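Work through these exercises with the sequence and the 3D view side by side. Try each task before you read its solution.

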Protein chains: 2
Amino acid sequence: MTKKWVYLFSEGNKEMKNLLGGKGAGLAEMTNAGLPVPPGFTITTEACLSFFENGKQFPEGMWEQTLEALRAVEQQTGKKFGDPQNPLLVSVRSGARVSMPGMMDTVLNLGLNPETLKGLARLTGNERFAYDAYRRFIQMFGRIVKGIDPEKFERILDEYKEKTEGKKDTDLTTEMLKDIVADFKELYKRELGEEFPDDPYEQLRQAIAAVFDSWYGKRAVDYRNFHKIPHDWGTAVNVVTMVFGNMGEDSGTGVAFTRNPATGEKELYGEYLQNAQGEDVVAGIRTPKKIAELEQDMPEVYEQFVKVAEMLEKHYRDMQDMEFTVERGKLWMLQTRTGKRTAAAAVKIAVDMVHEGLITKEEALLRVDPAQINQLLLPRFDPKAVEEARRAGHFLAKGLNASPGEASGVAAFDADTAEEWGLAGKTVILVRPETAPDDVHGMLQAKGILTQRGGATSHAAVVARGLGKPCVAGCEAIHVDAEKKMFTVDGYVVKEGDVISISGTTGEVFAGAIPTIDPDFKKETNLITLLGWADEVRRLGVWTNADYPKDAARAREFGAEGIGLCRTEHMFFEEERRPIVVNMIMAETEEERQECLDKLLPFQREDFEGIFRVMDGLPVIIRLIDPPMHEFLPPREELIEEVTRLRCTGEDPEELAEKEKMLRVVESMWEVNPMLGLRGCRAGIMYKGLTEMQTRAIIEAACNVSQEGVDVHPEIMIPLVSHVNELKLEREKLEEVAKQVMAEKGIEVDYKFGTMIEVPRAALTADEIARHAQFFSFGTNDLTQMTYGISRDDAEGKFLLDYVDRGLLPFNPFQVLDRDGVGQLMKICVGKGRQVNPNMDIGICGEHGGDPSSVEFCHIIGLNYVSCSPFRVPIARLAAAQAALRHEYGRKQ
Amino acid sequence: MTKKWVYLFSEGNKEMKNLLGGKGAGLAEMTNAGLPVPPGFTITTEACLSFFENGKQFPEGMWEQTLEALRAVEQQTGKKFGDPQNPLLVSVRSGARVSMPGMMDTVLNLGLNPETLKGLARLTGNERFAYDAYRRFIQMFGRIVKGIDPEKFERILDEYKEKTEGKKDTDLTTEMLKDIVADFKELYKRELGEEFPDDPYEQLRQAIAAVFDSWYGKRAVDYRNFHKIPHDWGTAVNVVTMVFGNMGEDSGTGVAFTRNPATGEKELYGEYLQNAQGEDVVAGIRTPKKIAELEQDMPEVYEQFVKVAEMLEKHYRDMQDMEFTVERGKLWMLQTRTGKRTAAAAVKIAVDMVHEGLITKEEALLRVDPAQINQLLLPRFDPKAVEEARRAGHFLAKGLNASPGEASGVAAFDADTAEEWGLAGKTVILVRPETAPDDVHGMLQAKGILTQRGGATSHAAVVARGLGKPCVAGCEAIHVDAEKKMFTVDGYVVKEGDVISISGTTGEVFAGAIPTIDPDFKKETNLITLLGWADEVRRLGVWTNADYPKDAARAREFGAEGIGLCRTEHMFFEEERRPIVVNMIMAETEEERQECLDKLLPFQREDFEGIFRVMDGLPVIIRLIDPPMHEFLPPREELIEEVTRLRCTGEDPEELAEKEKMLRVVESMWEVNPMLGLRGCRAGIMYKGLTEMQTRAIIEAACNVSQEGVDVHPEIMIPLVSHVNELKLEREKLEEVAKQVMAEKGIEVDYKFGTMIEVPRAALTADEIARHAQFFSFGTNDLTQMTYGISRDDAEGKFLLDYVDRGLLPFNPFQVLDRDGVGQLMKICVGKGRQVNPNMDIGICGEHGGDPSSVEFCHIIGLNYVSCSPFRVPIARLAAAQAALRHEYGRKQ
């Protein structure tokens with residue numbers, strides 16, 4: 001028996017998406033729900049796959065079944081395909097499981113030829129309409145099925161329009177349309193070397209084959225690669241009886257949403273055009289009317305449509321995006337699908353629907369894309385103002401949308417100026433060729449950051465995301481001249497002090513100011529409700545990465561339950577501390593070094609006190625010094641240049657001597673691969689007194705705030721452990737310090753020692769390491785670098801983004817956790833660590849902690865919490881809830 | 001019941017080493033074999049451990065058992081401990097499972113006091129002898145048990161010796177010895193604030209406690225840390241009846257080996273001193289006689305000793321190192337143990353003993369330390385000449401023994417000079433602050449390499465080992481001034497052209513020439529025999545890493561069964577090719593680049609042809625380009641310096657423009673962490689035409705030599721794969737090239753494509769990767785770097801060697817494969833790879849391939865072969881055989 005390749009709409013339902021595609025399943029569902037759907041049928045995705053397996057031949061029986069279905073449609077409509085008397089016309093549309101812009105769209109009016117054309121004219125009593133339909137068909141068939149450049153058809157059309165008074169297509173006369181049809185056919189023949197097919201069955205056969213073919217079209221393949229859609233899904237083909245919205249003022253066509261997709265308000269929202277076909281809405285030739293006006297224009301149709309909309313929303317239990325056509329006062333539903341919506345709308349609709357009893361809380365949680373809600377938490381441009389700026393030609397360039405949010409401010413080209421101006425109350429955008437730890441003090445005071453070089457995990461991007469500040473990185477179109485304090489882009493010059501606007505959400509850069517809307521989390525009541533439900537179901541804790549009290553406070557407002565990563569080195573870069581740090585590194589004796597450390601101690605203590613107060617009652621993980629020490633000194637190249645210059649000019653012997661000394665130190669510390677060099681716990685082990693000072697500062701601070709009544713839980717994290725002995729040695733040394741400080745203060749505080757798992761070897765030997773750690777925290781940034789052997793500082797611009805573009809990598813592993821590689825190490829680590837230490841807390845503090853897919857993975861492998869930048873805390877709360885709804889927690893591997 | 005803490009010699013045997021220590025077990029074994037051993041007993045290692053557990057108290061019953069054993073010894077000897085009439089004197093010695101120089105040695109003559117002294121004098125009829133024994137006892141007890149500075153005793157002794165005519169200790173009169181005893185006792189009291197103990201039992205108790213204590217002495221702990229001896233073994237204490245070799249001309253003491261430990265000749269080998277105690281031999285005061293002379297001096301004793309020696313060798317089935325004493329014509333055996341020997345002797349003895357039927361071939365294979373046989377294959381200094389050089393004060397400094405072998409030659413301070421002189425026939429030592437790929441052409445022509453900086457896996461070390469050339473690296477005591485072409489060390493200056501000698505085996509550097517002995521593998525018949533046996537039992541193949549035909553030929557002579565790693569980038573650095581490579585990198589158009597590639601093609605093809613001819617019949621794995629492209633350009637710092645200088649002086653605008661252009665390119669390619677940057681297959685993917693050219697060269701070369709009748713098996717290795725798609729893409733591209741070349745040539749060659757496993761992620765996803773690879777080869781250098789997060793270029797000097805020194809790491813993971821971390825990844829990889837592709841060849845080509853412990857691990861996890869530098873091939877053959885004898889192959893994990 002031959003396979004069933006073709007389904008009448010009455011034979012399908014919404015569950016059959018895989019076989020019938022999204023569109024086919026929707027049309028079937030509506031048909032069976034008794035809604036007015038033009039009769040039609042769907043050729044399955046399996047037929048598409050067979051088509052390719054058979055060397056682009058229709059599978060056995062498919063064409064026969066198609067003809068059979070066509071007979072059924074003829075019966076339902078009383079029309080006949082190819083019949084000059086009462087011709088059945090159809091539209092042919094592709095329809096994969098998910099909507100895919102890369103594929104063939106619709107061919108309308110198929111079935112027309114010189115004979116049926118006459119029938120249509122006679123039946124409608126409108127010859128002009130018939131010829132217009134015919135020229136549209138030829139145009140679409142030529143363009144979509146045969147790939148003829150659409151410009152060529154447009155040019156012919158324009159010629160004729162020029163001859164009319166109104167110069168619009170509605171001004172074309174019937175005679176003109178006849179000539180156009182002739183010209184189009186000639187064009188078709190010229191382009192393809194064959195006549196335009198008159199046989200409706202031939203038209204249908206070619207259109208179906210073209211839909212199948214479009215599955216492997218370049219754009220479709222690229223789209224699937226980009227969106228990770230498997231290539232073996234195939235597309236279905238929908239053949240639908242034509243209904244005409246352009247048969248007069250009692251006809252029309254439109255699209256509508258069951259709720260407002262921008263705000264989520266419960267109201268029918270959409271637009272329609274009278275006397276028009278669907279493509280006219282898209283083409284934007286006439287301005288469509290609001291859907292509400294349909295009530296005046298055709299009250300009965302409107303009433304029916306409102307009912308259909310309500311029914312569909314109830315039926316699908318989600319906001320629907322519908323296409324419809326009115327043919328001579330009769331409503332036809334052409335499509336329904338779940339509607340896309342803004343973040344605000346998504347949240348409001350989900351929460352409202354729970355209150356309406358339409359969906360459960362769990363369903364509501366699954367309805368909102370966690371990544372999207374970021375939009376609700378960041379300052380954003382007024383959309384109207386953006387449009388104006390664009391129209392006024394203020395758009396300058398587009399870079400990488402490295403850290404979301406939008407900001408306007410005066411351009412500053414060095415960190416010192418940015419800091420100075422920022423502290424003076426100006427809103428500043430820091431513009432740099434690229435940033436370095438050196439620039440952090442400026443970034444702290446800037447409202448946004450723009451860099452010419454660097455990828456999504458460049459220093460600028462990482463710090464900006466940490467600070468929750470907008471950042472456009474790797475904006476290669478601009479040329480930053482830091483010395484001259486300006487940048488140019490296509491001849492346009494932006495100087496220090498000029499106002500610019502950047503969107504870290506889109507990556508766009510504008511000249512001049514664009515007003516922003518400042519969100520207020522407290523007012524996001526729907527979001528707060530939704531996140532409350534999320535907290536009820538999630539198993540993962542959500543902590544935050546915060547280095548400053550201000551960030552910690554914000555994260556708490558967003559629901560953070562602890563600090564998972566407080567970096568201590570940023571503190572070293574602050575202005576009054578930096579010289580002390582430099583002196584410490586340059587110290588020639590133990591005493592000199594200890595003196596510097598003694599000077600740093602009160603600063604560090606103060607930092608921690610501030611954070612502990614904000615996090616009263618919650619755990620705070622503080623990571624001991626991590627970067628290589630030479631990062632605190634001037635760059636080697638800069639010193640070489642200065643020393644060479646000073647030697648050459650003989651200008652300033654004192655300065656020269658000083659720089660030479662500095663260069664000697666820098667050279668002696670210089671590393672070929674600093675990421676894999678003397679940093680992390682290695683620095684703690686090799687530089688006497690450094691981590692002792694930090695531990696003393698932490699415990700002193702804890703004791704001090706504890707006396708103020710603050711409930712304090714410091715957890716000291718030793719970074720970059722690769723061998724258990726490193727951890728053991730550091731911990732033993734620092735436990736001594738902690739005990740000594742508590743003895744001095746006469747206060748006991750609840751502290752822990754743990755380690756970051758960021759070196760593959762640490763994950764692999766987690767059983768040994770767990771014997772000496774009270775907690776683990778995955779540093780997935782470094783773990784990803786080492787597991788892939790990819791330096792993120794170097795790779796993104798040089799090959800990584802290119803890899804993702806070419807589909808070589810499914811995604812950027814610095815954004816989405818690589819489950820197969822890095823994730824495998826994490827699973828090994830969790831298994832081995834818990835084997836030795838079943839109750840230990842294991843979390844993640846790499847940037848992946850705020851990425852929904854990565855959060856899901858953390859849930860699956862049974863971590864205790866994720867820690868992410870403050871603005872990502874709500875995302876993580878929702879993502880964690882979704883993970884809990886979808887997957888078992890801590891699934892055994 | 002109390003535990004048995006004390007064993008009489010008659011109660012033990014050689015199997016009880018763990019309980020009785022090596023010495024105790026040996027004495028027991030000899031006693032039970034009926035050999036003349038002075039009666040005595042052993043206090044167990046368990047007693048030692050209990051002693052520490054009890055807060056340094058003897059465990060219950062131990063002292064009582066000691067006294068009981070002493071009674072038994074009294075019975076056997078007819079003497080009594082502390083009896084003035086017929087005093088029993090004993091020696092007390094430590095004795096752990098293995099010989100440990102860090103621990104307490106021997107206290108002789110214990111039991112002497114003013115009373116027993118008289119008895120001894122009376123019994124021996126020799127008052128002088130008795131007082132001499134007493135002063136020795138006080139001296140040893142004070143020094144060894146109580147830790148008094150030995151110099152202080154020596155000073156007193158010297159004062160008296162000065163008063164005699166001969167100024168030797170034998171010239172001291174009885175009266176003098178009496179005064180010395182008094183002075184010694186006074187010194188003892190002054191130093192310790194207590195009287196020297198007269199009670200023999202107190203002496204014994206303190207000596208035993210001192211032996212126990214010495215187990216945790218600093219030197220012993222350091223020694224154990226260094227040699228990876230567990231701290232929980234403890235030491236035994238041996239209490240042995242004193243016999244005296246210094247009771248006249250019919251007495252004596254000596255040490256002897258059953259075979260010559262330097263050559264392996266089967267002859268009694270050793271020396272003895274008449275009328276002396278053991279310590280006199282050590283002190284070197286008198287020149288000892290050859291053991292053969294004992295035959296004249298005491299024929300009966302000699303005859304007896306020869307028999308004992310034969311018996312012991314047969315009994316232990318290995319060459320023995322024996323200590324003996326003759327007391328008034330009676331032979332006493334004091335110790336026997338397996339004797340240390342040179343590499344040559346080890347090999348000869350093992351082979352001879354098989355021929356003698358004493359041991360099996362398998363035992364012979366286990367008798368030779370694989371690491372040792374390197375000595376037999378490398379040019380080495382004449383030992384006498386080294387002694388002379390040392391005496392003449394020619395020793396200059398000691399660095400890291402980075403690549404074994406020894407060489408003399410004229411110092412050259414840059415690669416060009418080294419190359420020029422080398423080609424002109426001079427023997428050259430290349431001296432550099434450190435080396436870079438830039439220097440390889442000089443290293444190729446140099447006889448040896450000396451660097452001021454860099455560790456055991458620095459560039460210099462790695463390349464030198466690959467080339468089998470001696471290298472002393474990281475010799476920080478010398479200051480190399482490359483510009484002035486000289487180095488200084490403690491004020492001594494070595495200029496270009498001066499002759500120096502370096503030992504890569506010991507790390508020593510000498511001024512002037514030291515003549516070397518050149519080994520000839522063909523003449524090492526014993527080694528060849530042994531390695532033949534090794535080949536019969538080993539499961540691992542042994543391949544070699546060789547980039548040049550010359551190296552490949554040598555490796556074949558040493559038994560290599562294939563090339564596991566032929567690096568192609570060294571070829572790019574050769575003089576005539578370098579400019580083409582630079583032009584290729586600087587090319588601004590595709591055409592320019594392709595032109596350069598076309599020029600490189602014939603060079604590469606020739607290289608491969610040469611290697612294929614040498615490896616006729618064996619597989620050759622060729623790794624495609626691996627290092628980052630910028631390594632072929634001048635260093636960034638150098639360019640910055642030059643550009644700054646040229647800008648400053650305005651000297652040479654043309655030169656400036658050129659350098660500026662070069663700097664721009666270098667800057668654009670510059671990477672923060674080049675090891676994790678755009679290299680390996682990433683370069684193949686991003687630089688169009690590069691790996692295509694290399695593949696073309698390989699297959700063209702294979703076709704060409706195949707036409708000459710050479711049996712050629714090229715295997716193309718794609719490096720640095722982290723994701724399967726990289727391999728898939730490169731392989732598909734290069735398979736096309738291979739097929740095209742074969743079609744052009746009309747010849748089929750047997751080629752394979754495989755990948756290096758050197759990135760953790762590749763190991764973790766080996767199942768996916770195995771689908772696209774025909775072989776795997778572990779690049780354990782990079783795999784270790786990434787698994788540990790340690791850059792070898794940076795780490796060794798900065799912290800890694802320090803880590804090993806401090807016992808933080810058990811060994812340098814770049815020398816000995818880290819089984820727990822890196823090895824775990826390898827096991828995962830082998831498991832997953834073989835699951836998909838059960839018959840695939842998996843080998844190792846990292847430097848670990850020549851390290852015996854690492855070879856053993858490769859056997860355990862079931863690799864197919866190890867590949868190492870040519871000179872390590874024999875080591876690997878033996879190590880592989882030992883692994884096969886000790887461990888199951890490919891043990892399931």
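**Exercise 1: across the interface**

R761(A) and D818(B) form a salt bridge, and their closest N and O atoms are 2.6 Å apart. A salt bridge is a side-chain nitrogen of Lys or Arg within 4 Å of a carboxyl oxygen of Asp or Glu. The model is predicted: local features need pLDDT of at least 70, side-chain atom pairs count only at pLDDT 80 or more, totals for chains, interfaces and linings use all residues, and side-chain values use heavy atoms, without hydrogens and water. Residues are numbered from 1 along each chain as its sequence is written, and chains are lettered from A and ligands numbered from 1 in the order in which they are written.

Task: describe the interface of chain B and chain A.

Solution. 

Step 1. Count the salt bridges. The rule finds four across the interface of chain B and chain A.

Step 2. Find the elements. Those giving two or more residues to the side of chain B that touches chain A include α24 (636-649), α28 (724-745) and α33 (822-836) of chain B. Helices are DSSP runs of H or I with at least four residues, strands are runs of E with at least two, and both are numbered from the N terminus. The largest share, eight residues, comes from α24(B).

Step 3. Count contacts, meaning heavy atoms within 4.5 Å. Here 57 residues of chain B touch 57 residues of chain A.

Step 4. About 5100 Å² is buried between the two chains, and carbon and sulfur atoms give 60% of it. Buried area is the accessible area (1.4 Å probe) that two parts lose on being put together, summed over both.

**Exercise 2: one residue**

Task: is A884(A) buried or exposed, or in between?

Solution. 

Step 1. Locate A884(A). This residue lies in helix α35 (residues 873-886) of chain A.

Step 2. Apply the cut-offs. Buried means under 20% relative accessible area, exposed over 50%, partly exposed in between (1.4 Å probe, protein chains only). A884(A) has 21%, so it is partly exposed.

Step 3. List its partners. Beyond neighbours within four places in sequence, A884(A) contacts V537(A), R538(A), R539(A) and H859(A).

Step 4. Check the distance to A534(A). The two C-alpha atoms are 9.3 Å apart, although 350 residues separate them along the chain.
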